[in-house]
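Start with the charged pairs, then step back to the helices and the chain.

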Amino acid sequence: MSPYTKRWPTSDTAYAKAPGIVREIGWTAQAAADRSFGTTLGREFWLRKAALLDRIALAEGAEGRGHDAAEHAAARLMDVDDTDVICDPRHYVRQQYALWADEQ
């Protein structure tokens, strides 16, 4: 059983295997640019974008910048997943990212 199914991982645990922020910015930008007009972006895109924005918001710290974008992307991931989980959307992103990263 995964250690992430019973609790919400910390951001350090969730993003331990994450590529650098600049690399993830490049990946999300490229993924958005490569899609055909009118097609929707898949779960991996929304997961990685939400995790990226969460990491940026965490790096901004007490200033509070970036939290709205992180919350919006996290909520979008929850919509894509059609989850009935009720929690802080950023906690959900961290859990799902940690699970996804373990499978990579």
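Arg43 and Asp81 make a salt bridge, with 2.6 Å between their closest N and O atoms. Arg43 sits in helix 3 and Asp81 in helix 4 (residues 67-81), so this pair ties together parts that are 38 residues apart in sequence. Keep in mind that this is a predicted model.

**More on the Arg43 pair**

- Arg43 is partly exposed, at a relative accessible area of 30%.

**Inside helix 3**

- Glu44 pairs up with Arg48 in another salt bridge, and here the closest N and O atoms are 3.0 Å apart.
- Both Glu44 and Arg48 belong to helix 3, where they're four residues apart, or about one turn of the helix.
- Buried or exposed, what is Arg48? Arg48 counts as buried, with 9% relative accessibility.
- Glu44, on the other hand, counts as partly exposed at 35% relative accessibility.

**Between helix 3 and helix 5**

- Arg94 forms a salt bridge with Asp54, and their closest N and O atoms are 2.7 Å apart.
- Since Arg94 lies in helix 5 and Asp54 in helix 3, the pair ties together parts that are 40 residues apart in sequence.
- Asp54 counts as buried, with its relative accessibility at 0%.
- Arg94 counts as buried as well, with 10% relative accessibility.

- Glu24 is found in helix 2 (residues 21-34).
- With a relative accessibility of 2%, Glu24 counts as buried.
- Leaving out residues up to four places away in sequence, Glu24 touches Pro19, Arg48, Leu52, Arg55 and Tyr97.

**How helix 3 meets helix 5**

- The axes of helix 3 (residues 43-60) and helix 5 (residues 89-103) come within 9 Å, crossing at roughly 120 degrees.
- That angle makes helix 3 oblique to helix 5.
- The crossing of helix 3 past helix 5 is left-handed.
- On the helix 3 side, the contact is made by Arg43, Glu44, Leu47, Arg48, Ala50, Ala51, Asp54, Ala57 and Leu58.
- Helix 5 brings Arg90, Tyr92, Val93, Arg94, Gln96, Tyr97 and Trp100 to the contact.
- Sorted by type, the residues of this contact come out as nine nonpolar, one polar and six charged.
- Arg94 and Asp54, the salt-bridge pair from above, are both among the residues of this contact.
- Glu44 and Arg48, which bridge to each other, are also part of it.

**The chain as a whole**

- How many helices and strands does the protein chain have? The secondary structure comes to five helices and zero strands.
- From the N terminus on, the order of elements is α-α-α-α-α.
- The protein chain has 104 residues, and 36% of them count as buried.
- Taking contacts with a separation of 6 or more, 62% are between residues 24 or more positions apart.

Conventions
Residues numbered from 1 in each chain as written. Predicted model: local features only at pLDDT ≥ 70, side-chain atom pairs only at ≥ 80, totals over all residues. Heavy atoms only, no water. Axes fitted to C-alpha atoms, helices over the stretch in contact; angles between N-to-C directions. Helix = DSSP H or I, 4+ residues; strand = E, 2+ residues; numbered from the N terminus. Parallel < 35°, antiparallel > 145°, perpendicular 65-115°, else oblique. Left-handed = near helix turned anticlockwise from the far one by under 90°. Contact = heavy atoms within 4.5 Å. Nonpolar A, V, L, I, M, F, W, Y, C, P; charged D, E, K, R; others polar. Salt bridge = Lys/Arg side-chain N within 4 Å of Asp/Glu carboxyl O. Buried < 20%, exposed > 50% of the residue type's maximum accessible area, 1.4 Å probe, protein only.
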